[in-house]
Amino acid sequence: MKKLFWQRLFTTSIASAALLVAGAIGSQSVAADSAKGVGTVNYVKGYGPAFWKKTASGLVPLGKTLKTGTSWKIFGMEQSGSDYLFDMGGGQMANSRYLDLYNENSQQALNATATIHYTAGYSIAVRATPNGAITNKKLRNATSWRVFNRAVVNGHTWYNLGGKQWFDATYANLTKETSRGAKTYTNGPKLQMPASVTLLPPSKGINTATITSDLELLVNNYRKLKGLKPLTRRADLAKFALRRANDESSAVNAHHGDWSQANHILPNGWPVYADPFFLTTPFSNVAENLAGAYANNSAQIADNMFTSWRQSPGHEKNMRGDFTYEGMGVVPVKSMGSTMYLAIQEFLQK
């Protein structure tokens, strides 16, 4: 039986102080090695919480937001009433209610609506506790549910339907939110960096071939860190990945930079594994990772893409999966007035 695992991620992680998205938020220059932790924004899909600036007279809103699902380096924190403020560099602050730390453990009251996104015609499990025993209840794909609490367990998010009914937030998007409370942390919030992986030194200029080779190197270095064999690049798989990347970038460009158009669906509407490539290529297991990022040099773009995959449970699982071969394609994309880069990596086991 052919096992297919498809994971998607678009994130704009950073290496210094702030994300440089035209019209999104400001920038600060802070030494990359001064970061103390990493956090991921959680909010309603397509929106983001306020980003604040610390001044002598107090906090003032910047009139800009942190996009849901993006990851950020954190340079410090301070308590503010029942909340915490995370320093994003240069006195720019984010509220702890909307930023989940790497390896965080917390509980939080939430009045919101979540919509299940899974495989059409299938359902996800409901558990008695976060990651606990599976109950008889299931939540069908594309249905919407009111949620009352959220829990973050070792950095992984769970939503509560009331009582002993929890489901994995990986398979849901918040589509509406009325309110949320302050977080209750287990032993307080702790700033931590992910497991040490040697990132690449800065390079000059941007070249898609360099991004590709750098990102392949980072993935294989990560596998070595985990005691796994490095992946072997296959030319036919790389050619397919480049075609996939061009298809997804065309979809983003055709919708004026809308990254939600980048997914694992072929232009003809079929799922990726229905592509003729897989009909003529023997395999027992395949997976696909997708990422988007930008920076002012190839090495940093590769670092950002790799960091985003490493911080996402599904993508991290693919990177250390039972695969022998890989192929990658990287292409430019016009988005938000800037040139960004989209990468697709295919994993394959015969």
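Predicted model: local features only at pLDDT ≥ 70, side-chain atom pairs only at ≥ 80, totals over all residues.
Local features here need pLDDT of at least 70 and side-chain atom pairs pLDDT 80 or more, while totals for chains, interfaces and linings use all residues. Residues are numbered from 1 along each chain as its sequence is written, and side-chain values use heavy atoms, leaving out hydrogens and water.

**The sheet.** Select the five strands of the open antiparallel sheet, ordered β4-β3-β8-β7-β6 (strands are DSSP E runs of at least two residues, numbered from the N terminus; two strands pair if DSSP finds at least two bridges between them). Now zoom in on β6 and β7 (residues 83-87), which pair over five bridges; E78 has L85 in β7 as its bridge partner.

**The salt bridges.** Next, show D100, E104, R150 and K183, a linked network of salt bridges (a Lys or Arg side-chain nitrogen within 4 Å of an Asp or Glu carboxyl oxygen). Between D100 and K183 the closest N and O atoms are 2.5 Å apart. D100 sits in strand β9 (residues 99-101) and K183 in the loop between β16 (172-180) and β17 (184-185), so this pair ties together parts 83 residues apart in sequence. K183 also bridges to E104, with closest N and O atoms 3.0 Å apart. Both K183 and E104 are buried (under 20% relative accessible area, with exposed over 50% and partly exposed in between, using a 1.4 Å probe and protein chains only).

**The surface.** Finally, pick Y122, in the loop between β10 (106-116) and β11 (123-127). Y122 counts as exposed because its relative accessibility is 53%.

Technical notes: Helix = DSSP H or I, 4+ residues; strand = E, 2+ residues; numbered from the N terminus.
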